[in-house]
Amino acid sequence: MKAWDVLRLGISYVILAVAAAIAVFPIYYIVITSLSDIPTIASISIGSLIPQPRGLTLDAYKGILFGNPFLLWLRNSLILAGATVAITILLAFLSGVALSRLNVPGKRALMITVYVLTFFPMTVTVLPLYLMFATLHLINTYYGLILAYSSGTSIYGAYLVKLFVDSIPKEYEEAAMIDGLSRLGAFVRILLPLSKPVLAFLGLIAFMGAYTDYAMANVFITSSDLWTLTLGMWYLSFVNRSTLYNVFAAFAVLMGIPIMAVFLAFQRYLTRMYTMSGVKG
Amino acid sequence: MSYKRNIFFNYLYILPVVILVAFLYLYPILYTIYISFTNFNLYHFFEYQWVGLANYITVLTGGTFWQVLVNTAIWTVGSLAPMIAVGFLLALILNQKDLRGRSAFFTLLLVPWAFPAFISLIVWQGMWNWKYGIVNKVLAIFGIKPVDWFDVVPMAWTMLILTNLWLSFPYYTSVFLSALQSIPEELYSIAEIDGASRLARFRYITLPLMRKTIAFVAIGGFTFTWNNFYPIYILTGGGPGNATNILVVYAYQAAFNNSLYNFAAVYSVIDAAILIAMAIIMLKYSGVLEAIT
Amino acid sequence: MKGLGRTASIAIVVVVVIIIVAAALYYATMKPSPPPSTSTVVSTTTSLVTTTATSLVTTTSTATTTSVVTVTTTSTPPTTPPFSLSSLLDPNFVCNQLLGGNTVTITVWDTYGPPEDQAFNVTLASFTQAYPCIKVQVTHGVGIATANFVSAAKAGQAPNVYRDSSDDAGKLFAGGLLLNISKYINPADINAAYIPVAVKNFMLGSSIYGLPDNVNYIVMYYNKKFLNDALTQKMFGVGVDQLNTNQLLQLCQYINSTYKVWCVAYGAGQEWGYRFAAWFAGFGGRIFDERGMPQLNSSAMVKAMEFWYNMTYVWNYNAPGVTPSLEQQLFTQNMTAIIFDGTWDLKIYQKALGPNLGAAPLPTISMTGMRAAPFIGSTGWVIASPQASGASQQQIYASLAFIAYVTSKDAEMNLWNFAGDLPAQKQAYDTVMTLLSSGGLQPAYMNDVYKGILEQAQYGQKFPNVPQMGFYWPCFHQYFTLYFANRTISAAQAAQEMESCMISNMQQAGLMPSS
């Protein structure tokens, strides 16, 4: 038994080490490229994986940070992503709880129908969406994009919340309601804190979606005052027919660090997403 | 009376989501369906006519559409199977209580997910290069001859699926891991006392309890991968030829390379119709439908 | 009870859906929002002001000699299209006569990249100073040939002014999205002001739909370390600019074995057909016949494809699997002797190679004795049609003044100075030519480089701008890559498929030329 355990753990460590190396490598590659004075992403030799002090330069970073309105782009991205997170969490929580707890006849058919609508590929419906937004004066505003970003995540999130709340015993809110809380009050006071893991997860997904989107921002934002990080990145990195990979990589690092920090801060919720359902009692 | 009033208020909870999604999808979808029956393109732009089923007939009787449809299936199933397998395996490994440094490993494994996907894809594109990419350089250390990842069709599929695996496995790992951790510890201890082997515990406790999670994740993954645009668009653009093209990319190209918006609409309508049918069938037969609604 | 609840719920759902559908239909049928009502007010005032302003001007200028009668005759609209180009370049005329002293706002989508943008900003600043009556709202960093322009046009909210490549703008013009400029500016003036090839690029039939701001095409850049006139003189008795493909092959053989670097880095495997068109023409092919039918299924196409396949995979002279970025990388790192690229990247190569940089026309195809002939293209400024942008007549006039200004001599000299763009405006072009022929460029080796670049202009081909050209790219790409990928299909099959792909797209688009 002991030997088996050692073997098992040994194999586990090897697999994890290899997987982790593969997972991290491209990011390492980006960091190296961002410090390089050569605008390429295909390494010319394997030796270039080890940075040579001679070839290191911060020029790409300097250019982005000081030659361009990077902070403005960052602000725009954060506003869009933040609002998307807020709307997603609010809507997903409300409808998720309703799906789980409330008597809403026909909710199943309704929600499935709504869910199925999101299967339509956005790449093509973007033209009519543009026409609609243009009529409603939502082009070049934060609102249009925020709505577009939150729709997919809220409906998906409603299901996640529903699954999660299903695993929380009803008695929790019922007890609170006997203590004089309204139903909504019970949901907010009791279920909301308990749902933190799933909402955190959802918030993360919503944030990622909005923060890293290029396609929609490119369509619905033209005014450079409203540019997001991704748009700025495209503008600086893809010039004519070629790509300035070192600029691109430096931008990727600047853009990726905050999101990775957020992600890692939320990491514990990722594993606790389902753990609450263990409290079945 | 108050019961009915309650029901009315209950609707208010789900109404916002319904309205939001309907607002953003209903008109664009109706419009897309409408123009798929017209000759609307860049050259019939402000004025266009109803042409009935003509576009659908052209598409369904042409060869390329069927090839692209088969590709879409290859892409979806081919991506999903390894993603679930790898995700599940890593989750099982990370779920071993006597493994040290679990959270550190988990953090590292999350990195592909935490990094903006389109950036990673552009990086991967460089890494797969035949002559100068790092992948072939690493393979060379093991004595493997350089592989032409972009120009040979089976290799292009391999590259696409591996890249997609890299992008997606953290999601599957974390969902599976959280599901595994939700299985009460007592179940295992009781089984252990009863003398059940490790394999038996896995077979009779873990798998049955994970079945729904796997089904839910698989169906979600299926619908997502079916319409997953960026990996193929950025890495191969559907090439060589149309050998790795999938419906959603093909529709995009019809609209934005060829300016044939009506045909792009036809492809998306067919794409969505197939996907919806498949999703409903899968939901029904997996039993997930009962769980999620 | 339960049944009631269900009925109620269904009723609510139905109501919601109906509301949404109704809203959707309402938006769908609503006309693209007209310019805010204020603009109508403005235009009414406009006509009044115009009259006053005109009479004022006329009175002052003719006060000494003319009577009131003349004033009344000139106060009938003195300013109807077509205008002369020089009048549009006169701020006084534009502001006081054409716009009648009103302030007009126009929207502009600027598609310049970072270095050209610096030049554009200088031009823009001087424009706003010279034309106080025109307010310009510029959106920077828009892509050339962006789908957004089409979407915006469909919504009736396209920008008034856009900068695009001549071939993409040709499609937009064919679709009715762009203004026919020859109706507003004397075609004779345009022909006189810009070099002929650039004007032709923006001409569909007899209509001109844009004013060119540059001329662009690819040339053969080479690294003098590996390849220079001395070498080619010794080997073949000709300069680098006079090579043919047979000599190129011998050279490649020599370069490969002597320096262990690539002879050529040309990412043929990723081609969409822009650069390949040069070789196709050199092998004797043409993309369209006089009627506008595609002619890709020809032995010229087969030979050209086979040539590059062999260069890459049989003779190993061309680096396989490279992208444009990687080509650039190999060239700037002294790892390939030759690449084919345009003037837009010249600065990068100048910086990397310095005096080792050489430029020459693409070689002659030995088999046909003809030069490989790249597209001589242009980018230029276009104006959205009123249907696409909702522009008032005054906005159209202001836009005309704007595009005349940003393609004027000074503006194109700015582009030349900041980004090295070859001017399309005649005076700017002549200035640059004089500068080059006098060897006045610094550093001095650049004179030679530009000599090679200009030599290529003699051997170019017209860049087709018929709308069906839009199908050339994807169809060529699809089947050429399939051929190039280990010859999955034969070259003859690929050529045939390309052509039928174009024809079927033309049929689908309703663009078949009538016979």
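In the predicted model, chain A is divided into two parts, domain 1 (2–61) and domain 2 (65–238 + 255–280). The centres of domain 1 and domain 2 of chain A, taken over C-alpha atoms, are separated by 32 Å.

Two residues of chain A stand out in their backbone geometry. A:His137 is not a glycine, yet has a positive phi of about 55°. A:His137 sits in the loop between helix 5 (122–135) and helix 6 (142–166) of chain A. A:His137 counts as exposed because 12 other C-beta atoms lie within 10 Å, and the cut-off for exposed is 12 or fewer. A:Asn140 also has a positive phi, of about 60°, and is not a glycine either. The loop between helix 5 and helix 6 of chain A holds A:Asn140 as well. A:Asn140 has 16 other C-beta atoms within 10 Å and is therefore partly exposed.

The contact between chain B and chain C was examined next. Chain B gives 38 residues to this contact, and chain C gives 42 residues. On the side of chain B that touches chain C, the elements that give two or more residues are helix 1 (2–35) and helix 11 (247–256) of chain B. Helix 1 of chain B supplies the largest share of that side, eleven residues. By class, the side of chain B that touches chain C has 22 nonpolar residues, twelve polar residues and four charged residues.

Chain C contains 23 helices and 15 strands. Of its 515 residues, 50% count as buried. Among the contacts in chain C with a separation of 6 or more, 75% come from residues 24 or more positions apart.

One sheet of chain C is open and is formed by four strands in the order 8-9-7-10, with mixed pairing. Strand 8 (262–264) and strand 10 (357–360) of chain C stand at the edges. Each of these edge strands has a single partner strand, so one side of each is left without a neighbour in the sheet. From one strand to the next, the twist averages 30°. Within the sheet, strand 7 (residues 218–223) and strand 9 (residues 336–342) of chain C pair in the antiparallel sense over five bridges. C:Tyr222 has C:Ile338, in strand 9 of chain C, as its bridge partner. Helix 12 (residues 245–259) of chain C lies across strand 8 and strand 9 of chain C. Helix 12 runs at about 155° to strand 8 of chain C.

Helix 6 (residues 114–130) and helix 19 (residues 409–419) of chain C pack at an angle of about 145°, and their axes are 8 Å apart. The crossing of helix 6 of chain C past helix 19 of chain C is right-handed. Residues of helix 6 of chain C in this contact include C:Pro115, C:Glu116, C:Ala119 and C:Val122. Those that they meet in helix 19 of chain C include C:Ala411, C:Leu415 and C:Phe418. By class, the contact of helix 6 with helix 19 of chain C has seven nonpolar, four polar and one charged residues.

Two cis peptide bonds were noted in chain C. The bond from C:Pro81 to C:Pro82 is cis, with omega near -5°. C:Pro82 lies in the loop between helix 3 (68–75) and helix 4 (85–88) of chain C. The bond from C:Gln442 to C:Pro443 is cis too, with omega near -10°. C:Pro443 is found in the loop between helix 20 (426–437) and helix 21 (445–457) of chain C.

Terms used:
Residues numbered from 1 in each chain as written. Chains lettered and ligands numbered in written order. Predicted model: local features only at pLDDT ≥ 70, side-chain atom pairs only at ≥ 80, totals over all residues. Contact = placed C-beta atoms within 7 Å. Nonpolar A, V, L, I, M, F, W, Y, C, P; charged D, E, K, R; others polar. Domains from an automatic or database assignment. Axes fitted to C-alpha atoms, helices over the stretch in contact; angles between N-to-C directions. Left-handed = near helix turned anticlockwise from the far one by under 90°. Buried ≥ 20, exposed ≤ 12 C-beta atoms within 10 Å, placed from the backbone. Pairing = 2+ DSSP bridges.
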